[in-house]
Amino acid sequence: MTSDAPAATSKSQQAYEWLRDRIVSHRFTPGYRLVLSQLATELGVSTVPVREAIRRLEAEGLVTYEKNVGAQVALVDEGEYVTTMQTLAVVEGAATGFSAPLLTAAELAKARAINDRMRDTLEHFDPRRFTELNEEFHSALFLHCPNDHLIDLVHRGWSRLRMLRNSTFSFVPGRAVQSVAEHDALVDLIESGADPLDIELAARRHRTATLDALLEFQHSQG
């Protein structure tokens, strides 16, 4: 960090982003101990903003705090991946349903453009890039969701998934082709003026189909 010190809130935000990036990219692996003094020295700040950042990450489920051990990167639980995906299907679907009637033609065109970029990645597939674009696509669809709590739950779910898996599509790349086609169908449904509940359920089925594909893959490997 530079010597022209930013405000305390900015330092806390920088510490949060720095730590979060290392957790979701698996540079800090599950079980890795987060020692305040060491992290503060590496970041060039006091322990206060690092402690604040760790509290935020703990609230997101990316960090756990154990008595006599301290803060550490949360351990991976395969069952938690399934429940996180199931929960995300519900909240992401609801957010999309709430937002759908408020989306303009231009905003839907933007969503289609993002999906076209996803389609372009399929030939030389990069699972992590595909996942980034996937989040961008869905963000465009629930852009106008009036329920901030729902949006917060979606983002928390995404954060948890990133820690549990770099990308589900690394395991089931064939699912990416189906996902892009389902995106087209979802935008078509919104453009047609369909009932928001039908849109919510379509978005939910889209997310659970990815989970089903992964579970089927794991079963075949067993």
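A: **Aromatic rings and the packing around them**

R56 lies over the face of Y16, at 3.6 Å from the ring centre. This arrangement, like everything described below, is taken from a predicted model.

Pairs between rings come next: the structure holds five aromatic pairs. One of them joins W18 and F28 in an edge-to-face arrangement, with 6.0 Å centre to centre and 75° between the planes. This pair links distant parts of the chain, since W18 belongs to helix α1 (residues 8–24) while F28 sits in the loop between α1 and α2 (36–43), 10 residues apart. W18 counts as buried because its relative accessibility is 17%, under the 20% limit. F28 has a relative accessibility of 9%, so F28 counts as buried too.

F28 also pairs with Y32, here in a stacked geometry: the centres are 4.4 Å apart and the planes make an angle of 10°. Y32 has a relative accessible area of 34% and is therefore partly exposed. Together, W18, F28 and Y32 make up one aromatic cluster.

In soluble globular proteins, nonpolar side chains tend to be buried together. In this model the largest nonpolar core has 22 residues, and F28 is among those with the most contacts inside it, along with L19, I23, L34, L39 and I54. Two or more residues of this core come from each of α1, α2, α3 (47–59) and β2 (70–73). Helix α1 gives the most, with six residues. L39 illustrates the packing: leaving aside residues up to four places away in sequence, L39 touches W18, L19, F28, L34, V50 and I54.

Apart from this core lies another, of 21 residues, among them I114, V180, A202 and A203.

Notes
Residues are numbered from 1 along each chain as its sequence is written. This is a predicted model: local features need pLDDT of at least 70, side-chain atom pairs count only at pLDDT 80 or more; totals for chains, interfaces and linings use all residues. Side-chain values use heavy atoms; hydrogens and water are left out. Rings of Phe, Tyr and Trp (its six-membered ring) pair if their centres lie within 6.5 Å; planes under 30 degrees apart count as stacked, over 60 as edge-to-face and the rest as tilted. Helices (H or I, at least four residues) and strands (E, at least two) are DSSP runs, numbered from the N terminus. Buried means under 20% relative accessible area, exposed over 50%, partly exposed in between (1.4 Å probe, protein chains only). A charge sits over a ring if NZ of Lys or CZ of Arg is within 6 Å of the ring centre and within 35 degrees of the ring normal. A nonpolar core is a set of buried Ala, Val, Leu, Ile, Met, Phe, Trp, Tyr and Cys residues joined through side-chain atoms within 4.5 Å. Contact means heavy atoms within 4.5 Å.
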